[in-house]
Structures are given as structure tokens and as C-alpha cells.
Amino acid sequence: MILVMNVGATNEEIQKTAQQIETWGHTTNIARGDIQTVIGIIGDKSDLLGKPLAALPGVMKVLEVSSSYKRVSRQFHPKDTIVDVNGVKLGGGHKCVIAGPCSVDTEEYTLQIAKAVKKAGATMLRGGAFKPRTSPYAFQGHGEDGLKILDTARKETGLPIVTELMSLDQVDVVYKYADVIQIGARNMQNFNLLKEIGKLGKPVILKNGIASKAEEHLMSAEYIMAGGLNDVILCLRGVRTYENAFRNCLDVALVTYLQKESHLPVIVDSSHSVGKREYVMPVAYAGMAIGADGLILEVHPNPSCALSDGEQALLPRDFEYLMENLKKITPWNQREWKELDKKPL
Ligand code: PEP
Ligand code: MN
């Protein structure tokens with residue numbers, strides 16, 4: 001971490017600032033330039049994060065050299081994390097496709113969907129039993145009954161279950177049934193929830209927030225990992241922008257950004273990113289082509305009767321078509337490309 005001092009900062013200000021850092025237990029290194037002075041702070045600075053560094057005498061700005069999301073960062077863990085969900089691997093070259101209804105539907109529909117997505121090659125089943133809905137009058141999910149339906153679908157197909165956890169009071173019931181816990185966009189910064197699930201054992205898919213920056217997404221993953229959990233999967237589901245052609249707006253370049261910044265697997269939610277059926281497949285394709293570790297998307301055989309998000313559900317036959325097409329993709333390989341840097345021109 002580096003403190004850049006104001007042009008013309010006085011000797012007294014420089015000394016006072018350096019002394020303050022030292023009373024907080026850190027070594028400093030003062031480098032005086034012709035125009036400006038910088039104070040380097042040496043060693044682990046995690047305890048300085050909450051300190052008012054920018055308010056110290058004569059400080060112009062504070063520069064972070066190493067990232068503040070240590071557990072999440074690739075700087076400190078160069079190897080890809082591989083998450084293993086009952087034998088289904090994700091990350092480090094293992095690709096996964098999670099598919100299913102937005103909300104867990106009737107047992108009949110849910111089983112029909114589970115079997116169809118399994119047949120087409122999905123590796124996990126999604127379905128929300130507790131639904132975060134904008135309107136309090138909209139369908140809120142089947143609750144525990146929905147989780148029981150997912151359990152039946154898991155028994156029938158062998159697919160691990162991904163389902164959303166919305167609040168602390170649902171932890172016991174959701175953990176009883178889920179294989180992977182989904183934290184939705186609205187809860188990306190529900191820090192108490194993140195702290196709690198970090199202490200529990202199951203893998204977590206952390207979606208980005210509705211108006212979040214990549215750094216905030218990574219910091220939220222850090223909250224979970226600070227509790228001790230390593231199996232965190234980052235999920236991009238788009239953010240709200242001025243563009244209103246889609247429900248949300250996905251920046252696919254963030255797949256590469258997150259994979260570069262972090263060792264955690266990165267998946268793309270191509271359903272919520274666009275909100276309309278006709279765009280789901282192209283965006284899923286783009287996500288895998290840029291090198292995502294997987295996809296999560298919504299499938300329903302009768303979208304007009306789906307309990308939520310019917311307008312963005314793929315039909316099972318569309319999903320099958322997508323899965324066939326995904327086989328043709330050679331994903332962009334960041335590592336191979338970076339090798340070019342080492343070759344002479
Ligand atoms: C969902 O997966 O159905 C969902 C509610 O997603 P998000 O949190 O991304 O809106
Ligand atoms: Mn949905």
C-alpha cells in the first residue's frame with residue numbers, strides 16, 4: 001500500500017503520517033521525489049482496511065498494491081479452484097451446465113424438466129423453492145414442499161440440486177436438501193448471510209448484485225471465504241444499465257476479468273442476463289466461447305404456465321439444440337494466449 005502525499009506536503013505532515021502508521025504497527029518507507037513524496041507501507045495491511053488513511057495529514061491518495069480480497073485473489077492462489085459437487089466438477093477446465101425451472105414447479109413438471117435437461121447433458125438441476133420477487137403478491141415459491149420435489153428429482157436423475165437461500169431463517173431447511181446454495185443478486189451484499197454460509201460446508205454460487213461492480217462481487221466472495229469455505233462459484237447475471245433492450249445487461253468480458261483476478265470458477269447466467277428467450281442461447285454461447293466454466297439457465301416445457309420467468313425459459317428442445325452447439329466451441333484460452341508474450345517477435 002502506498003500513500004501519495006500532496007505536492008508541497010510539509011516535512012511535519014510527512015513525519016506525522018509515517019508516525020501514525022507506525023503506531024498502528026507497520027513499517028514505513030519514505031521516498032522523497034523532486035515534486036512529491038510517497039510513503040510505502042510494508043507487510044500485511046489487512047488491519048489497516050478500516051483506518052482513515054486518506055485523512056492523515058498531507059495525504060493526497062491511497063494506492064492499493066495488492067488486492068484486498070486475499071482469499072479470492074489469484075495473486076495468492078495461482079491455481080484454479082475446482083469445486084466438486086457429489087462428483088460433478090466445476091472449474092480448472094471442468095465445465096458445467098446447470099439447468100431447470102426458475103421456480104420449482106409441480107412435481108410432474110419439475111421431473112419432466114429434470115429428465116429432459118439430464119438427457120441433453122446438463123450436469124446439475126436448478127430450481128428456486130424460495131423466490132425473491134419484486135412484488136409481494138407474486139408467487140413466492142413452494143418453500144419446503146419445493147425442496148422435497150427437488151429431492152425427488154435428484155433421486156430420479158442423479159443430478160445435484162442448486163437452489164436459492166434468501167435469508168438466515170431459511171438456512172436449516174435449505175441446507176437439508178441443497179447440494180449447492182445459490183445466493184441471488186438481491187443478496188450479494190447481505191453480509192450477515194454471506195458470513196453465515198461461509199461457516200457451513202456446502203458450495204455456494206454467488207451471483208453479482210443488480211448494480212454491483214466486479215470488485216464488490218469479489219469482496220462478497222471474500223466474505224464467504226473468510227468464514228472458511230473454499231467452494232465458491234462466481235456467477236454473472238448482468239446488471240441494470242441505461243440499456244433497456246434486455247432485462248439486464250451482461251458484460252461477457254467480465255468472465256475473463258474475474259478469471260484473471262480470481263481462482264474461483266466463473267459461470268454465466270444467460271437467462272437473467274437477457275430476460276427474453278430469443279437471446280438466451282446466443283449469450284450462453286458467447287459466455288462459453290469466452291471461456292466461462294459453465295452456465296446456469298432456465299428451462300420449462302410450457303413457459304406460458306411457468307410460475308416465474310416464463311418469458312426467458314428455453315424449451316427442452318432449445319436446450320438440447322444449445323447443448324449440441326456448445327460442443328462445437330473451442331473456448332478462448334487466456335493462458336495459451338498469454339504464452340505469446342514469452343515468444344520473441
Ligand atoms: C433466479 O435465479 O431465478 C434469480 C432470482 O436470479 P437473480 O438473483 O439473478 O435475479
Ligand atoms: Mn428466474
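Student: Is N86 buried or exposed?

Tutor: In this predicted model, N86 is found in the loop between β5 (83–85) and β6 (88–90). The cut-off for calling a residue exposed is over 50% relative accessible area. Because N86 has a relative accessibility of 58%, N86 counts as exposed.

Student: What is the value of phi for N86?

Tutor: Most residues other than glycine have a negative phi. N86 is a residue other than glycine, yet its phi is positive, with a value near 45°.

Student: Which loop holds D309, and is D309 buried or exposed?

Tutor: D309 has a positive phi of about 55° although it is not a glycine. Its place is in the loop between β14 (294–298) and α9 (316–326). The cut-off for buried is under 20% relative accessible area, so at 10% relative accessibility D309 counts as buried.

Student: How many helices and strands are there in the protein chain?

Tutor: The protein chain has 345 residues, of which buried residues make up 49%, and along its principal axes the C-alpha trace spans about 75 × 55 × 40 Å. Within this chain the helices number 10 and the strands number 14.

Student: Where does H217 lie, and which residues does H217 touch?

Tutor: H217 lies in helix α6 (residues 214–226), and with a relative accessible area of 1% this residue is buried. Not counting residues up to four places away in sequence, H217 touches M188, L206, K207, N208, L234, C235, L236 and L258.

Student: How far apart are the C-alpha atoms of Q189 and E216?

Tutor: The place of Q189 is in the loop between β10 and α5 (191–199), and at 44% relative accessibility Q189 counts as partly exposed. Not counting residues up to four places away in sequence, Q189 touches E216 and S220. Although Q189 and E216 are 27 residues apart along the chain, their C-alpha atoms are separated by 8.3 Å.

Student: Why does the salt bridge between R154 and D179 tie together parts that are 25 residues apart in sequence?

Tutor: The side chains of R154 and D179 meet in a salt bridge, with N and O 2.8 Å apart. R154 lies in helix α3 (residues 144–157), whereas D179 lies in the loop between α4 (171–177) and β10 (180–183), so the pair ties together parts of the chain that are 25 residues apart in sequence.

Student: Are R154 and D179 buried or exposed?

Tutor: The cut-off for buried is under 20% relative accessible area. R154 has 17% relative accessibility and D179 has a relative accessible area of 12%, so R154 counts as buried and D179 is likewise buried.

Student: What is the N to O distance in the salt bridge of R74 and D80?

Tutor: R74 counts as buried at 16% relative accessibility, whereas D80 is partly exposed, with a relative accessible area of 29%. Their side chains meet in a salt bridge, and the distance from N to O is 2.6 Å.

Student: Which residues make the nonpolar surface patch of about 340 Å²?

Tutor: One of its residues, L340, has its place in the segment after α10 (334–339). At 48% relative accessibility L340 counts as partly exposed. The nonpolar surface patch of about 340 Å² is made by W332, W337 and L340.

Key: Residues are numbered from 1 along each chain as its sequence is written. Chains are lettered from A and ligands numbered from 1 in the order in which they are written. This is a predicted model: local features need pLDDT of at least 70, side-chain atom pairs count only at pLDDT 80 or more; totals for chains, interfaces and linings use all residues. Side-chain values use heavy atoms; hydrogens and water are left out. Helices (H or I, at least four residues) and strands (E, at least two) are DSSP runs, numbered from the N terminus. Buried means under 20% relative accessible area, exposed over 50%, partly exposed in between (1.4 Å probe, protein chains only). Patches are made of residues with over 30% relative accessible area and no salt bridge: like charges are joined within 9 Å, nonpolar side chains (Val, Leu, Ile, Met, Phe, Trp, Tyr) within 5 Å. Accessible areas come from the Shrake-Rupley method with a 1.4 Å probe; for residues, only the protein chains shown count as cover. A salt bridge is a side-chain nitrogen of Lys or Arg within 4 Å of a carboxyl oxygen of Asp or Glu. Contact means heavy atoms within 4.5 Å.
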